[in-house]
Structure formats: C-alpha cells, structure tokens
Amino acid sequence: MYFKSYIEKKVSAAPLAFFRVAFGVLMCLSIIRFWYNGWIEKLYILPKFFFSFYGFEWVKPFGNLTYLLFVFCGLAAFLVAIGYKYRIAIISFFLSFTYIELMDKTTYLNHYYFVSLVSFLMIFLPANATFSVDSYLKKIEFNKIPKWTIDSIKFMLGIVYFYAGLAKLNSDWLFRAQPLKIWLLSKYDLPFIGNNLMQQDWFHFAMSWSGAIYDLCIPFLLLFKRTRVIGFVLVVVFHVFTRILFPIGMFPYIMIVATMIFFEPSFHEKVISFLKEKFTLLNYKVQSKEVFQYKSNTVPKLIGVFILIQLLFPWRYLLYPGELFWTEEGYRFSWRVMLMEKAGYSNFKIVDGKTKQFFYVDNKDFLTSFQEKQMSFQPDFILEYAHYLGDHFTKDGHQNVEVYVESYVALNGRPSKLYIDPKVDLYKQKESFKHKDWILPFNDEIKIKGL
Amino acid sequence: MIKRYIALLTVLIVAFSCSSSDNGPSGNTDNFDRSTLLANIADNMAKPVFADLKAKLEDLKAKFDSFNTTPNTLTFSEVKTSWYEAYKVWQYAAIFEIGKAEELQFVNHFNIYPVTVADVDNNIATGTYDLNSTNFHDAQGFPALDYLFFGVAATEADIVAKYTTDANAANYRKYVYDVIAKMTDIATQISDDWNGSYRNDFVSNSGNTATSALNKFVNDFIFNYEKRLRANKFGIPVGNFSTTPLPEKVEAFYAKQYSRDLALESLSAVNGVFSGRAYGGTTSGASFQTYLNSLDKFNLATSITNQFESARTQINSLSPNLYEQINTNNQQALMAYDELQKAVVLLKVDMLQAFNISVDFVDADGD
C-alpha cells in the first residue's frame, strides 16, 4: 500500500533534467581531460599486458582504435547532456564507459564504478522529460515525473557517502589516524599550512574523525531541508580540500555537482529558466504535458532490486576469512575510498619443476610502472600476472614452468611483511571467488578492528 | 538540528584530539628541513665526488701520457692503478644521475658492461667512430679500458706491445685517449654544473612533487641500488635473471681481481648517502636516515643499515674475483645477492611509504 502510493508520488522534472545536463557535461569533460593528459596511450595502448576483472577477460583495448572508443563515449556523454536520443545515448555511454573501465583493472577507481552505476540507473529514468532536444523535437515535455526516479539517484549518492563512512570505522583510521598521517605528513610543501598544521598529530586525528563523521552524516544533512545548506557547504569544503591534498581528478567536482540533486526543485527550475533567458536557443516552447508515466511497475521494481543489491554487495567481504585490508577479498566495489596506504614489492621466480633451475623476472619487461605498483600488493593481480608469465615462458620454450613469488607488502605504515606463500606454485592456482589460501595471514602486532 | 550536529562534531573532535595527545608524540612540528638534507647531498657528496672523479680521470690521462713517453710494464701498471682508482670513484658518482648527469646520460659513457669487444676492435682498426653514438655505449668508459688494459692480449708484455710496436699502435693509443677524454669532458661538465647554478636549484627544489629534486634523487638512489649494484654486479652474473649463470658479465671482467671490491665500493657509496656521510670524510649530516628518524621510523632506519652490513659481510666472504667465485661456488655469490635483495624491500616499500614520495601516476583514490 505504502509502496503503491510512494511509486505514484510525483515531483518536478527539473532536478533530474539538471542532473542529466551536469552529468553529461562533466563526463564529456572527463573524457577530454583523460585524452588530453595522454592517458589513453599511456594506460591502454602502450602496455603489453592488461589486468582483467574475473569473468571479463574478453574485454581488451583495441590498439589505436581505442581512441574511437573514447570518441564514442565522449559523444554519448554529450548527447546525454543535450538530451538528444537520450535512451540510446545513455545506454551507449553506460556500455562504452563500463567497457573502458573493464579493460584494465589497474586503473580501478571507486568513482569510475560510481559513474557506471549512475549511468546504468539513468537508462531507466526519464531524464529527458524536459529541457532536452528530445522534448523539443517531439514537441512534448513533462513537468512532473515520479518522485522515486530522483530518489533513486539520491539513494545512490547516499550509499556512496554512508558506506565510505562505515568503512572508516576501523582502528587504523580512528585510533592510528592511518593512512592520513602518512599522507598529510608528506604535504610539507603546501603553502602556509604544510609545515605546521599538516605535521600536527592532533590534526591527523581531527581529519580522520571528522572525515568519518562527515561521510556518515552527509546523506542525512542533505536529505533534510533544515540542514541542507550546511550539508552542501560541507560537501564543497570537504571536496575542495581533498582536491588540494590528493590527486583524485574529477571526483570532487562530480560529487559537488551531483549532490545538488538534493536541492528543492525550485532551485533547478530557476537555473533552467535562467539558462533559457540567457540563451534564446534553449528557449523553445512545446506542448507541456503534466505527468510522465511509466507504463507498468516493472521499472520501479527493477530499480528496487538494483538498490537492494547495492546495499548488500559491499558486505560480501564478510564471507571471506582474514583481514580485508590485507587480502583485499571483497575490497573493491564497496566504497572503500582512501583507506589504505599499501605498497608492495613482488619478485617473480620462474622455476623448471624438474631440474629446479630458476631465474627471476624483471617486471619492467612486461608491466608499466603503474601496473607494477598496483600488481605488487593485490593478490588477484599477482595471480593473473603469474599466469601470464607462466604462459609467456612456456611459449618461449621453457619446460615444466612453475611460478613463485617473493612478495612483501607494507600496510598503513607497518613494516613490510611477507605477503604470499613463496612455496606455492601460482601457475597451478586458479582464479575464483573463493578465498585464496596462499595469501599469508595478516600477522602484524597492530591488528585492524572494525567494520 | 544543525546546532546539535555541530556540537556533536566539535565535542568528538575536541575529545579525541585531547585524548590522543596522551599517547604518541604530540604537537610535533615538522622540524626536518629537507633543504638541509639536499644541501648535505649537494655540498658534501655530489660536489666532492664529481670533483674527485674529474681529478682521477685527469690523473689517468697523465699516467697514460707518461706511459706513452716511457712505455714499460712499470708505467703501464701505474696506468692500471689509476684506472682502478677512478673506477672506484665512479661507484659513488653513479648514484647522482640527476641534473647534468641525467641530461648527458653519463652512465652510457662510463659504465655499460659487458663491453662489446668486436666494436672496440673494429673502432680501433678503422680509426673512425663516434663515441656519442648509441651503438658504442658498450664500447667505451671503464669497461672498454678494462678490456684495453687487461684483456686485449694474453700477457702483459703483449698488451703493452699493442700500444708500442703493434701496426695499429697509434690507433690503440688514440682510442684510449678518446675514451678518457669523453669521460673527463662529461665529469667536468657535471662538476661545473654542481659548482654553478645547479646546486641551488637542487637544494631549493625540496617539495613533494614527481619532479622535485628530493623525489627524483630518492628514486635515483633506489634505482642505483637495485639495478647497478644488486642486478648488474650480482644478479645478472650469478644467473638470477637467466637459466644459467653468466659469470662473464661481471664488472671489470678482464682485470679479474677488482670485481668484488668495486661492488663493496658501490655498497659503501650507498650506505654513505643513506647515512649522510661526507664523501671521503667521517662527518655526517642530514640524510635519509635522519629523515626516517624524524618520522619516528628508527627501527626501519636501523634495519636498513643493518641489512647493508649483512650484505657487506656476505660480499666480503667472496673471492675478490667474482668470475672465479661464480664458477667455483655460485651458491656463495647467490647468498650475497639475497642479502642485497632484502634491503631492496626495505628501501622500495618501507622507506618510500614513510616518505610518501609522489610519483607521476594517474588519478587515485587511494585504493
């Protein structure tokens, strides 16, 4: 009963239209920035080998044609922004963007995952109901859309913040101020605050605690009208601050603009009418239908399932034994952002199983420095690379190839420890969702306790 | 509502920041001045090292001059001693692949080994060559002289004859002069640059960016240790990167008796820079070690110096002639490599994490 009445609730279409334009523009800029920085070549064309997500081994860059994929993705983002052939555009964007992110998991970032999820969600939302080329061409626009459509985006944003906050409730973050201590100490070269504030013990703790509280509170501050302004001010301050401190690219801007969807519709209506006044091109008059209606309840139900999955998925790490930060089993796709300073050194040994003759591999022969860095402390990377090396040297004519690794990893300022069982032939281990029992247990005196 | 949130936030932060100051070091300002570290590296290491390298190369030329005036085994042995003295200084200089040294790619003109004998022979036979050519990086520098002074003929008398009575003697002499001149020229340029404007550029560039002097130098330092010392001097010849040992790839292969001591010299250079010891002196200044200490990483700093010592002990147990050592008892040489390897982890993982050196990667959200 409640479900039915909630599903039928209607609200102004302006916030979603505003969100569509902002999202499209920012995505288009992100793609251009990515290209401009030379990262397409650096990340997707120059490497000889790409790390795949389990089950997506077939997703690979297309050599020089990879540029076309980015052109396609950028164009799709642009079409989303202007709302032309919206449904096709957003599907194209979702598919191409997700494909790009699946090409090499070295570049995995939570905010890319966020973009994929939001664009998937937007496939089902009437974001072109108003203020779009589609509505201009069809000569119909809808002033009202179901409230749940906007709520679904708010929910997605809420999950990102709240789960990021939950993830910070661990002893390293709260009681050792790690990894922020390591990072802030190294910001000695910031003007004014670098050599004093950034070096203070209390400041590291204050940042850690306020960061955790911030993440947990933001969704609620934004949700309620009375606290919304302070919530948004905090969003801006926090993200600008992280932008200054860390190389996190477009993420702060995306979050600042995305959280504007929490504002009252009157805000978005004002922005849209302001734009229409400024640019006569946008000031088209079409027949105005009152309400956008879904033909059935299938879509809201589907979105319900999607949200449920989002709520449950980050908890999958509970199914694995061992320390999450150490094994990273269930670490990704869970809004664990800036939680670890982890570094490793992995030295691979190719052994002839019969003669026991061996040699070491120079990782630089196969990986870029960025790939090597990421590979060195993540077990699934280490396994995939071990198989690649095994195949490579077998094809090269080596006999009875066995692959071992001497891997040392340091986590959040602890001394480096042996990471992978050096006696296990990784070439015989298979990737799966099961626990990798060849990861040595996390046995530092300083344990990590928490969610 | 708002007030309550703010109050809660304030209380929590204040409560925690007060309690936190009870345990752990409190209210420390960053009293480690990285410019002092860079100044110590510049003034007490880089400058005197390159000045010494230049002087040693000039001495080598002078010794070769006297050998040409009075060619005999005595003057020739002075040439060889001078060559070895310069080669030892090189082990210190190799760490400083920054500034002019990086621009001139000095390693390519000093120490690419094994030397390609065919190229050296051919260059001498034809008398026409360009030492700037990338094809001849492995036909010059100390390794080429190693071959020309120790390996170009079977006996010392025959070697001396190459420069005196051989049909091509003039070309042999010219080649040695050219190789020395090339090295001297580069060492002089680098030394001049350190004594000129570069010193202040280096010292003042103490920020934490991918291109700052400190970050670049830390990376150079580790690269020198991992590649030039660990891999080139031990890893490759003992066969850690190939299916069988390759003893002929040891440093100073033709001189034979110096390969171990050059490695020890390189380890001393590394240890000296790490602990901030002035080149050729005993006084110490700001260093990676004191930097680690200022970050409360005393244990790490001690582990690193201890590991250098373990490696030194292990290398000392080897024959001075690593070629012979590998052929007779490679196990012992492999153990030296393993000791060197352990410090790589400490430097590359633990020390870099402690310094949180910025490296030019792409966007990151820390996972």
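Modeller: Gladly! Keep in mind that this is a predicted model. Let's start in chain A, where the axes of helix 2 (residues 14–36) and helix 4 (residues 66–82) come within 7 Å and cross at roughly 160°.

Biologist: How is helix 2 of chain A oriented relative to helix 4 of chain A, parallel or antiparallel?

Modeller: An angle over 145 degrees counts as roughly antiparallel, so helix 2 of chain A is roughly antiparallel to helix 4 of chain A. The crossing of these two helices is left-handed.

Biologist: And which residues make the contact between them?

Modeller: Here is the general idea: an α-helix has 3.6 residues a turn, so residues three or four places apart point the same way. In this case, helix 2 of chain A contributes residues including V21(A), G24(A), C28(A), I31(A) and W35(A). From helix 4 of chain A come, among them, F70(A), C73(A), A77(A) and A81(A). By class, the contact of helix 2 with helix 4 of chain A has 14 nonpolar, 2 polar and 1 charged residues.

Biologist: Let me look at another pair. At what angle do helix 5 and helix 6 of chain A cross?

Modeller: Helix 5 (residues 86–103) and helix 6 (residues 110–123) of chain A cross at roughly 155°, and their axes come within 9 Å. That makes helix 5 of chain A roughly antiparallel to helix 6 of chain A, and the crossing is left-handed. The contact includes I90(A), F94(A), F97(A) and E101(A) of helix 5, with Y112(A), S116(A), S119(A) and I123(A) among the residues of helix 6. Its classes are 10 nonpolar, 3 polar and 1 charged.

Biologist: Now chain B. How is it divided into domains?

Modeller: Domain 1 of chain B covers 31–206 and domain 2 covers 210–356. Their centres, taken over C-alpha atoms, are separated by 22 Å. Domain 1 gives 30 residues to the contact and domain 2 gives 32 residues.

Biologist: Which element gives the most to the side of domain 1 of chain B that touches domain 2 of chain B?

Modeller: That is helix 2 of chain B, with 10 residues. Helix 3 (73–93) and helix 7 (141–151) of chain B also give two or more residues each. This side of domain 1 divides into 18 nonpolar, 8 polar and 4 charged residues.

Biologist: How do helix 2 and helix 3 of chain B cross?

Modeller: Their axes come within 9 Å and cross at roughly 165°, which means helix 2 of chain B is roughly antiparallel to helix 3 of chain B. The crossing is left-handed. Among the residues that meet are L53(B), L57(B), L60(B) and F64(B) of helix 2 and F76(B), V79(B), W83(B) and A86(B) of helix 3.

Biologist: Where does helix 11 of chain B bend?

Modeller: Helix 11 (residues 213–238) of chain B bends by about 60° at A231(B). Just after this helix, G239(B) takes a positive phi of about 90°.

Biologist: What should I look for in the backbone elsewhere?

Modeller: Most residues other than glycine have a negative phi, and most peptide bonds are trans. N400(A), though not a glycine, has a positive phi of about 45°; N400(A) lies in the loop between helix 18 and strand 6 of chain A.

Biologist: And which residues does a cis peptide bond join?

Modeller: In chain B, Y113(B) and P114(B) are joined by one, with omega about 5°. P114(B) sits in the loop between helix 5 and helix 6 of chain B. In chain A, the bond from Q178(A) to P179(A) is cis, with omega near 5°, and P179(A) lies in the loop between helix 9 and helix 10 of chain A.

How values were computed:
Residues numbered from 1 in each chain as written. Chains lettered and ligands numbered in written order. Predicted model: local features only at pLDDT ≥ 70, side-chain atom pairs only at ≥ 80, totals over all residues. Domains from an automatic or database assignment. Contact = placed C-beta atoms within 7 Å. Helix = DSSP H or I, 4+ residues; strand = E, 2+ residues; numbered from the N terminus. Nonpolar A, V, L, I, M, F, W, Y, C, P; charged D, E, K, R; others polar. Axes fitted to C-alpha atoms, helices over the stretch in contact; angles between N-to-C directions. Parallel < 35°, antiparallel > 145°, perpendicular 65-115°, else oblique. Left-handed = near helix turned anticlockwise from the far one by under 90°. Bend = angle between axes of the 7 residues up to and from the residue.
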